[in-house]
Amino acid sequence: MSVTPPRLEIRNLVRRFDGRPVVDDVSLKVMPGQVTCLLGPSGCGKSTTLRMIAGVEMQDEGEIYVDGKLICDTVFRVPPERRHIGLMFQDFALFPHLTVGDNVAFGLSGSKDQKRARVKELLDKVGLKRFIDSYPYLLSGGEQQRVALARALAPRPKIMLMDEPFSGLDNRLRDDIRDQTLEVLKQEDAAVLLVTHEPEEAMRMADEIALMRDGRIVQQGAPYNIYYAPRDKQAVAFFSDTNVIRGTVRGALTETPFGQFLAPGVPDGNDVEIVIRPQHLKIEFDRGGKGPLPTPQHGSAARGEVVRARFMGSESLVEIRMDYDGSVLKATVPNVFLPSPGRVLWLMFRRDRCFVFPVT
Ligand SMILES: Nc1ncnc2c1ncn2[C@@H]1O[C@H](COP(=O)(O)OP(=O)(O)OP(=O)(O)O)[C@@H](O)[C@H]1O
């Protein structure tokens, strides 16, 4: 039985600048038709990884394979123009002196008719066929971006590398263009590696997310796996606000103002951090100085007073100063809920939505 090799595979890539590894042992596979997002904060080495795959930067260690064939290691190197890789960056520049059609045809070979047919096919896919003979300056930012996508896809690259391709667009345009881009990329069956520092963008676009930090991939998986099974506190914090409660473990349990939490595998005496997102804190009303009764799903309630509440559009964010140590926890509630400062409320923790991490 033959197994299809990944369209793109990088193994143990390392790149050092002045002796400092900015890409540190990065391995990754992308299958045809799949979108993988390299997600991480500014400076973590995402663009450098992309540049090595494109062939414009040389790695110090590691190998790059396309369809199972080596295209680059530290001695052998296929030049960038022969890697069948399409590139799209934030500052995609169309050639101003060429028409939209000629921009898309730029990297194409073949007869005039073949080129024209491919240009029309792609402009049709991105919904811009009517602009084929127009000049780029007549197009909006979003339309120019779609032409750039058509141009990058025209030579049927096996792999598309995209570096923050949507960050130059205004917010309202961005969601639509992301969705359209994704549809076109899927139709063309390229393997896509997209770099972004925006978690929402990665969630929206990716089949797989590779979370990168300090030059390393710290976690990789489907977006919901990373969201619901983050490997550490920073991985939770990358996707949303967080609340953190500290406790000490005794007999695989830690006692907190919210009741007991399981801390399996953590030795006695070690501290743990219990991390929960604001949408998973449950707000309860005060009942004559008493909170709600404990439940298995939510544990015990802890008392606090509202510091402030703000309406955020589809939800309200309530900040509550807790009686037990004066810390402020954040809870979000759907729709409008704006209790006055000083009002007493009780908070409960959803046990199936919090994460317990050992403090190292
Ligand atoms: N040619 C270079 N010489 C020296 N240092 C470099 C060079 N290129 C990148 N770096 C450094 O390597 C680190 C990683 O940069 P890189 O651009 O890959 O990060 P990034 O995750 O893509 O960040 P951003 O989203 O801000 O572009 C940074 O600290 C950067 O300053």
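1. Let's start with helix α4, where Gln 144, Gln 145, Arg 146, Val 147, Ala 148, Leu 149, Ala 150, Arg 151, Ala 152 and Leu 153 are buried. Here a buried residue has 20 or more other C-beta atoms within 10 Å of its own, an exposed one 12 or fewer, and a partly exposed one falls in between, with C-beta atoms placed from the backbone. That makes 10 of the 13 residues of α4 buried, so the helix is largely enclosed by the rest of the structure.

2. A word on what you are looking at: this is a predicted model, in which local features need pLDDT of at least 70, side-chain atom pairs count only at pLDDT 80 or more, and totals for chains, interfaces and linings use all residues. Residues are numbered from 1 along each chain as its sequence is written. The protein's mean pLDDT (the predictor's confidence in each residue, from 0 to 100) is 91, and 99% of its residues reach 70 or more. For the complex, the predictor gives an ipTM of 0.93 and a pTM of 0.86.

3. Overall, the protein has 8 helices and 20 strands; these are DSSP runs numbered from the N terminus, with helices (H or I) of at least four residues and strands (E) of at least two. Its C-alpha atoms fill a box of roughly 80 × 45 × 45 Å along the principal axes. Of its 360 residues, 32% count as buried.

4. Back to α4 for its length: this helix covers residues 141-153.

5. Now the ligand, which is surrounded by Phe 17, Val 22, Gly 40, Ser 42, Gly 43, Cys 44, Gly 45, Lys 46, Ser 47, Thr 48 and His 197. A residue is near a molecule if its C-beta atom, placed from the backbone, lies within 6 Å of it. Helix α1 (residues 46-54) gives the most to this shell, with 3 residues.

Technical notes:
The expected span of a helix is 1.5 Å times one less than its number of residues.
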